[in-house]
Amino acid sequence: MPPSRIGILGGTFDPPHRGHVDLARAARAAAGLDRVLFVVAARPPFKDGETHATAVQRAALLEATLADAADPGFELSRLELERSDVSYTIDTVDALAERYPAAELFFIAGSDTTDELPQWKDAAELARRLSFIVNLRAGEPRPQAAPAGFRITFIEGDVPEVSSSELRAKLAAGEPVGDMISPATLRMIEDRGLYGKGTVLSVPSLDTIAQVNGKGVARVRERAPLPSEQQVDGIDRTVPFEALVARITEQLEAREDDYGLRHSLGCADCCAQMALVYGLDESRAYLAGLLHDWDRCVPKPELIAEARALGFDITPEVLAAPAILHAHTGAAAVAAAFPEIAREAPEIITAIERHTVGVPDMGPLDELLYVADMIEPTRRSPNIADLREMVGTVDLDALFMQAYQRSMAHLVRRRKVMHPDTIRVWNALVMRGEIGQDLRPEERAQLPKLLIEMDPGAMPEDLENT
Ligand SMILES: [Fe+2]
Ligand SMILES: [Fe+2]
């Protein structure tokens, strides 16, 4: 039976602690709730987006807290994390009303919230659709009157006052936090090095790369070389990395405008750093980043003509967004211009080909390049700050899915045409990540393959061997 009285306990949970759990229990008892949803805020509107752990990390910590609380009425909600915009309560209420049309909704809050209620987005609408449960601190008097129109139940009692900032300070100083943080949560904080002093794994110096020496060329020379001696079947397959990079950079300078060049160099550096974090070959990752937008400079009519010559189906969706073709034509152009790369590191060509739309079974370098393209240091969108922080804290599949999700949301928000393959890639990601959880590992591994086989005609021609 779906829950009929649902409490919403929203917050940044930075970190989640006993005060949250006790408040949920008290609210549940006071209002006869049969479910309390702990809604993790991605970017709270009043705190200016400042949190100390990423949204993904905070959700994982909350999950651990709720597992320790072992209350079947408590549930973690990622509702707000699935939106890339600022979190407003009204949006959460809309989403919950859609999911639980018959349920009565209660918003659980601290007493400092009461005065702010009229300033909330769509306050009148909220007052109509929500009841509020407000927790009073020990000894705090009941307000004379609730803000006009709001239905508020006050609870006063045993909820301990816990300050998240004090907890964070204790964690950073290595001081004990008593029973304020549940054991599993504390373990996770320690394992992942959260709230400590610079212990969170992240890509180093990501924000500084763009400023390095104008166009960043100096950094290129610092890059580690490819293995310098490679004997395969008795043939010397040495690829002189530094000379190769110098040749590529020279050509890129001629092909790309100033921003394009800085983006390619930034992406290359970001790829190399992420490769270190995820245990991929640093030099190959660097080359993939450097070369990924090789054909970004090609005018659209030429892109279409080239893609057609390569045997691509130019569908109406492609004509509506021909820029995606720079990945496919670029992969072929790079393979032709640098045959040693196509021969020795074909995965670079494949990653270039997959960096716009992707394919259902993305490989590690494909995923890495896709993410790096989005978060490299010349990108200035505030929506990617937490994606940068996620590097090293979640696995590459999860990171890629987050990035892909943002691209799709961007297309929807801007009302842009979505290539049919985008939907196939998305379905593959969801099946691998969520639906796949219920399957045996062998079955899970088959999912992307099944998706490809379901509709082979729709896949772009594989350029790996060109
Ligand atoms: Fe691109
Ligand atoms: Fe790019």
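**Close-up views of a predicted model**

**View 1. Helix α10 passes helix α15 in a right-handed crossing.** Right-handed means the near helix is turned clockwise from the far one by less than a right angle. Helices are DSSP runs (H or I, at least four residues), numbered from the N terminus. This is a predicted model: local features need pLDDT of at least 70, side-chain atom pairs count only at pLDDT 80 or more, and totals for chains, interfaces and linings use all residues. Residues are numbered from 1 along each chain as its sequence is written, while chains are lettered from A and ligands numbered from 1 in the order in which they are written.

**View 2. Helices α10 (residues 282-291) and α15 (residues 346-353) pack at about 40°.** Their axes, lines fitted to C-alpha atoms over the stretch in contact, lie 9 Å apart. Angles run from 0 to 180 degrees between N-to-C directions.

**View 3. R284, L287, A288 and L291 of α10 meet E347, I348, A351 and I352 of α15.** Contact means C-beta atoms, placed from the backbone, within 7 Å. The contact residues comprise 6 nonpolar, no polar and 2 charged. Here Ala, Val, Leu, Ile, Met, Phe, Trp, Tyr, Cys and Pro count as nonpolar, Asp, Glu, Lys and Arg as charged, and the others, Gly among them, as polar.

**View 4. V371 is in contact with M274, L399, F400 and A403.** That list leaves aside neighbours within four places in sequence.

Methods. Helices (H or I, at least four residues) and strands (E, at least two) are DSSP runs, numbered from the N terminus. Two residues are in contact if their C-beta atoms, placed from the backbone, lie within 7 Å.
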